[in-house]
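Thanks for coming. I have one model to go through today, so please have a look at it first.

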Amino acid sequence: MAITNILSHLIELAANVSDAFTTALFQADRDRKSLFLREHLSLSGNFNGEAVISFNDGPIGKVAQTLKPEIIEYFEEGINRLSFYRKDEELKSLLALPIVYEELEGILVVDSKESYSFTPKIQKILQGFSDQMAWHLHQEKLTGEVSQESDPLFGELNSCCRFIAQSPNRPALAERLAQIPPSLIPADATAVIWFDGVDIPGRIQNHRGFIQPISSAPILPGKGIAGSCAKNLKPILIPNAEGRKTILFHEEEEMESLKSVTAVPIMISDQLQGVLLCASEKPGTLNHTHVDRLTLITSSAAAALVCADTKRRWDYDKNLDQITGVPNHRFLMEHHAAVAHEIFKEEKPVSLCIVAVNNLPSIYETFGLACGDQLLRQTVSMFSKVIPSPKYVFKYSDTSLLIIMMERELKESREITERLKKVFEKNAFFVNGKSLQLETSWGNASYPNESGNLLDLIGIAWSRTTQSMKEVPC
């Protein structure tokens with residue numbers, strides 16, 4: 001790959017990692033004491049590609065003079081008149097890093113319209129890019145021409161980061177992280193662990209290359225390589241673990257023939273999301289270069305998580321019932337596979353109950369919409385308080401609710417149902433001073449006794465509810 005293309009890839013990677021408005025490499029001309037544009041990537045239509053900056057001219061020229069990084073947060077009026085824009089841009093922050101290899105080679109400039117600062121983590125990553133740029137610019141100067149030697153690293157790393165960032169959901173992201181090309185990370189085994197918080201045990205979402213089953217292994221913060229990475233929020237590298245017992249996940253695991261290990265945290269705004277652990281059977285295989293690559297890859301993974309979780313919350317909120325605030329029938333039907341995956345765990349019993357309020361239409365007709373809506377909200381609130389957790393409540397139809405009681409045998413759930421029936425039969429609900437007696441029908445189904453399919457179980461419970469309706473005397 002030509003050096004020019006390598007520099008372009010580095011600029012593109014820097015822009016993706018920092019979510020920059022403009023990323024630019026200015027090469028130094030020490031004889032003229034000026035900086036000229038070499039490579040850039042900008043979202044601005046006012047970018048001046050012919051810009052030349054004199055040493056000590058503005059914040060960028062100042063870096064060339066002092067060889068110290070310059071960071072500007074909260075732009076003051078007038079300061080954003082940078083020479084590589086033809087007119088003012090409403091910038092929020094700017095970072096300029098000196099590119100030095102024995103002497104000044106250039107300046108890496110990154111600005112943003114989205115954030116008022118660049119985090120220390122982003123600054124460290126960008127510093128790594130500037131160091132690589134410095135080496136390539138120095139090599140170009142030594143040879144006197146642009147090298148044509150092929151180096152696929154940056155193009156492949158850039159493609160890998162883009163592929164990771166475009167993951168549609170968490171399972172797909174975990175699958176892609178577990179299959180990082182060996183040319184980038186020479187790992188014989190990989191594990192992707194999700195965490196819901198620093199103090200909460202993690203779970204292995206995807207893995208490959210381990211001799212033992214690890215899917216159900218508890219990942220405790222502070223325990224083993226993965227847990228220590230999660231607790232300290234910092235990468236861990238053991239280049240050579242030969243001759244020592246290295247605990248990867250937990251103290252009771254079997255010894256693996258893995259001699260080189262690294263673990264890198266996946267974080268969003270300094271909040272732990274997961275850990276990516278890679279290991280090799282040969283000592284010395286993994287080094288700090290691979291840790292740097294994994295840091296870039298996990299940054300792309302964090303971006304994918306933000307997009308996937310935002311879409312998931314949007315889908316969830318879109319399908320919440322506007323009256324009761326619980327997920328509606330549409331959500332249940334569209335996401336039944338995800339719901340089933342969540343509630344059917346380790347063959348533990350699950351009971352479903354559908355309760356239909358038979359006289360709800362007449363209550364709406366007699367007392368009005370506000371009264372009927374308030375009655376529904378009260379019913380959902382009572383179920384949420386009375387039924388023991390863990391549980392889920394859905395609005396199954398205009399007049400019925402679905403209750404999923406996890407870790408409950410059918411006998412126990414029927415006992416709960418009978419107690420609730422008596423509450424409805426013997427007690428009136430009061431809405432805006434009105435005493436309302438509800439007429440209800442109930443139907444139950446259980447997992448795994450009656451079916452292992454969520455939709456089938458819902459159908460069984462609903463058929464028993466409708467049968468109960470027919471048995472109610474007129």
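Which strands does helix α6 lie across? Helix α6 (residues 224-232) lies across β7, β9, β10 and β11, at about 145 degrees to β11. Contact here is heavy atoms within 4.5 Å. Angles run from 0 to 180 degrees between N-to-C directions, with axes fitted to C-alpha atoms, for helices over the stretch in contact. Helices (H or I, at least four residues) and strands (E, at least two) are DSSP runs, numbered from the N terminus.

A word on the source. This is a predicted model, with residues numbered from 1 along each chain as its sequence is written. Local features need pLDDT of at least 70, side-chain atom pairs count only at pLDDT 80 or more, totals for chains, interfaces and linings use all residues, and side-chain values use heavy atoms, without hydrogens and water.

Now the sheet. It is open and antiparallel, with five strands in the order β8-β7-β11-β10-β9; pairing takes at least two DSSP bridges between two strands. On average, neighbouring strands are turned by 15 degrees against each other, direction ignored.

Helix α5 (residues 170-177) lies across β7 (189-194), β8, β10 and β11 (271-280), and runs at about 155 degrees to β7.
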